[in-house]
Amino acid sequence: MQTPPKSIIEFLEEPYTLKQEQIDFYQKNRFIKLKDVLNAETLHFFNAAITSQVNAMNQEHTALEERTTYGKAFLQLFNLWTENPIVKELIFSKRIAKIASDLMQVDGVRLYHDQALFKEGGGGITPWHADQYYWPLETDKTVTAWIPLQATPLEMGPLEFSAGSHTIVEGRELEIGDESEEIIQKKLRVTDFKHVIEAFDLGEISFHSGWVFHRAGANITNEMRKVMTIIYMDKDMILKKPENKNQLHDWETWCPGAVVGEVINSPINPVLYSN
């Protein structure tokens, strides 16, 4: 297995300095897109490594037209870092973890888990949803880094955001699917929250909080839209009592051995950055 060259290892350690206005933008809108977080060499290397790992782990062989809306949205593989030491180099990057910590204004971040989200050519929409519906976490000090492994034009279905929608409570109880798309879309239509739909340049990544509503369009190209995500939480995050079956599943799967009311400190929730 090819190891990352020294230049990439060093790059992933280099700090990416945020401006105060960028932190303020995130705090207000609970999402932000940042350019040039990763360079072309790093993306090219991890595109190949992550694609290889996704191909090895993927168990989805049903034709697109026979899948549910959720199934058409993407191929979804979890915690690649535990399977592949090369991919782990990206997931454990201090460069990205520090951005997450700085945006949330916390003293450090832990890994919740990672996900590869590969939207196939011809793949469908990713319905409106809020991620934290699935998470048994005490506070909203969570953020997901959405890392396209290629430039992502509108035709490939980049991530879309409803700016500031973390303040909406309605819709938080919905699983991702046809119902969440319909109900949340209706709710957002009668609000003043800006719907942000933009392409992603090569090296541009976004960060969004657990309660901000987001979606993605269909991939109408013939190419795979390859995205790696890293979900971070405050390093002092407390496990709360699960409120639905999905949160119970996430407790058992992504926080094994953690205790309700205590800091989540399992072997697969390491601190990735601390001030």
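Select helix 6, residues 94-104: nine of its eleven residues are buried, and the helix is mostly covered. Buried means under 20% relative accessible area, exposed over 50%, and partly exposed in between, with a 1.4 Å probe and protein chains only. Helices (H or I, at least four residues) and strands (E, at least two) are DSSP runs, numbered from the N terminus. The model is predicted: local features need pLDDT of at least 70, side-chain atom pairs count only at pLDDT 80 or more, and totals for chains, interfaces and linings use all residues. Residues are numbered from 1 along each chain as its sequence is written, and side-chain values use heavy atoms, with hydrogens and water left out.

**The ends of helix 6**

Colour the buried residues of helix 6, among them Arg 95, Ile 96, Ala 97, Ile 99 and Ala 100. Asp 102, Leu 103 and Met 104 are also buried. Now go to the N-terminal end. What caps helix 6 there? Ser 93 does, with a side-chain oxygen 3.2 Å from the backbone nitrogen of Arg 95. That distance can be read against the definition of a polar contact: a pair of N or O atoms within 3.5 Å, where within protein one must be able to donate a hydrogen and the other to accept it, and residues adjacent in sequence count only if both atoms are side-chain atoms. After helix 6 comes Gln 105, which has a positive phi, near 60 degrees.

**The nonpolar cores**

Stay on Ile 96 and show the largest nonpolar core, which has 48 residues. A nonpolar core is a set of buried Ala, Val, Leu, Ile, Met, Phe, Trp, Tyr and Cys residues joined through side-chain atoms within 4.5 Å. Ile 96 is one of the residues that touch the most other members, along with Leu 38, Ile 50, Phe 207 and Tyr 232. Select Tyr 232 next. Not counting residues up to four places away in sequence, Tyr 232 touches residues including Ile 96, Ala 97 and Ala 100, where contact means heavy atoms within 4.5 Å. Others that Tyr 232 touches include Lys 141, Thr 142, Val 143 and Leu 272. Another core, of 14 residues, lies apart from the largest one; among its residues are Tyr 133, Leu 137, Met 233 and Met 237.

Five of the five residues of strand 8 are buried, so the strand is largely enclosed by the rest of the structure. In a regular strand the side chains alternate between the two faces of the sheet. In strand 8, Ile 205, Phe 207 and Ser 209 are on one side and Ser 206 and His 208 on the other, and all are buried.

Two strands pair if DSSP finds at least two bridges between them. Show strand 1 beside strand 8: the two run antiparallel and are joined by four bridges. Phe 31 has His 208 of strand 8 as its bridge partner.

**Lys 33**

Select Lys 33, in strand 1, residues 31-34. Is Lys 33 buried or exposed? Lys 33 counts as buried because its relative accessibility is 15%. Its side chain makes a polar contact of 3.1 Å with the side chain of Glu 198, and it also reaches the backbone oxygen of Ala 199 at 2.7 Å. Leaving aside neighbours within four places in sequence, the contacts of Lys 33 include Phe 161, Phe 200 and Glu 204.

**Strand 6**

Phe 161 belongs to strand 6, residues 159-162, where Leu 159 and Phe 161 lie on one side, Glu 160 and Ser 162 on the other, and all are buried. Strand 6 pairs with strand 9 in the antiparallel sense over three bridges, and Leu 159 stands opposite Ala 216. Three bridges also join strand 6 to strand 7, residues 195-197, again antiparallel. Ser 162 stands opposite His 195 there.

**A loop, then the whole**

Move to Asn 222, in the loop between strand 9 (214-216) and strand 10 (225-234). Asn 222 is exposed, with a relative accessible area of 82%. The C-alpha atoms of Asn 222 and Met 156 are separated by 8.9 Å, although the two are 66 residues apart along the chain.

Finally, zoom out. The protein has eight helices and eleven strands, and its C-alpha trace spans about 50 × 45 × 40 Å along its principal axes. Of its 275 residues, 57% count as buried.
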